[in-house]
Amino acid sequence: MAFDERTEELAVKAAQGDQNALNELLRTIEPDVMRHAARFLPCRQDAEEACQDALLQVARNIHRFEGRSKFSTWLHVVVANSARSTYRSLKRRSVEQAGELPQQRPDPRRTSVIAGSRVDILDAMENLEARKPDLIQALVLRDISQLEYAEIAEQLGLPLGTVKSRIHEARKQVRQTLGESYT
């Protein structure tokens, strides 16, 4: 998500309490937030849920945007966290409903390879977050949000070498979880 100067200005005004700027900002960023959430979640309805959650988080927490980095960088973190939270919630609901419904395995002839891959990756990321939470944020910002290493270092307040090391280690851990088919 890269925004023009106008969007960045709206974010600064909204962070200062300008309600009109916040409303315009939310309208402006919604399509980009939806596209970004869809990178995480294979099902459109799930991505829409994550998008709405992210927009709500922006509205509630815009006062925390300090303008030290670009708004788009700040927003990447919000959207990634919302998408991962939505995924965890969906997974929890699925487990709860599993007791009520007969177990059904997805038909591989009807399951999208891309959707299946994303779910596998989300599971691997969740596993990594549980085991090594300091690695996940850098990985998400680089491989999902596609930020530059310097932007990630700035956003996380870490030295560039530390960011590169965490991303390398996170990728290694995710590859181990996913197995040989993802190398």
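Biologist: What is the accessible surface of the protein chain, and what share of that surface belongs to carbon and sulfur atoms?

Modeller: This is a predicted model. In it, the accessible surface of the protein chain is about 10900 Å², and carbon and sulfur atoms hold 48% of that surface.

Biologist: What percentage of the residues count as buried?

Modeller: The protein chain has 183 residues, and 36% of them count as buried.

Biologist: How many helices and how many strands does the protein chain have?

Modeller: There are eight helices and zero strands. Read from the N terminus, the order of elements is α-α-α-α-α-α-α-α.

Biologist: Among contacts with a separation of 6 or more, what percentage joins residues 24 or more positions apart?

Modeller: Such residues account for 65% of those contacts in the protein chain.

Biologist: How is a pair of packed helices described?

Modeller: Two values are used, namely the angle between the two axes and the distance between them. Here, helix α6 spans residues 133-144 and helix α7 spans residues 149-156. Their axes come within 10 Å and cross at roughly 140°.

Biologist: Why are α6 and α7 called oblique to each other?

Modeller: An angle over 145 degrees would count as roughly antiparallel. The crossing is at roughly 140°, and α6 and α7 are therefore oblique to each other. The crossing of α6 with α7 is right-handed.

Biologist: Which residues meet where α6 and α7 are in contact?

Modeller: From α6 come Q137, A138, L141 and R142, which meet Y149, I152, Q155 and L156 of α7. By class, the residues of this contact comprise five nonpolar, two polar and one charged.

Key: Residues numbered from 1 in each chain as written. Predicted model: local features only at pLDDT ≥ 70, side-chain atom pairs only at ≥ 80, totals over all residues. Heavy atoms only, no water. Helix = DSSP H or I, 4+ residues; strand = E, 2+ residues; numbered from the N terminus. Buried < 20%, exposed > 50% of the residue type's maximum accessible area, 1.4 Å probe, protein only. Contact = heavy atoms within 4.5 Å. Areas by Shrake-Rupley, 256 points an atom, 1.4 Å probe, with all protein chains shown as cover. Axes fitted to C-alpha atoms, helices over the stretch in contact; angles between N-to-C directions. Parallel < 35°, antiparallel > 145°, perpendicular 65-115°, else oblique. Left-handed = near helix turned anticlockwise from the far one by under 90°. Nonpolar A, V, L, I, M, F, W, Y, C, P; charged D, E, K, R; others polar.
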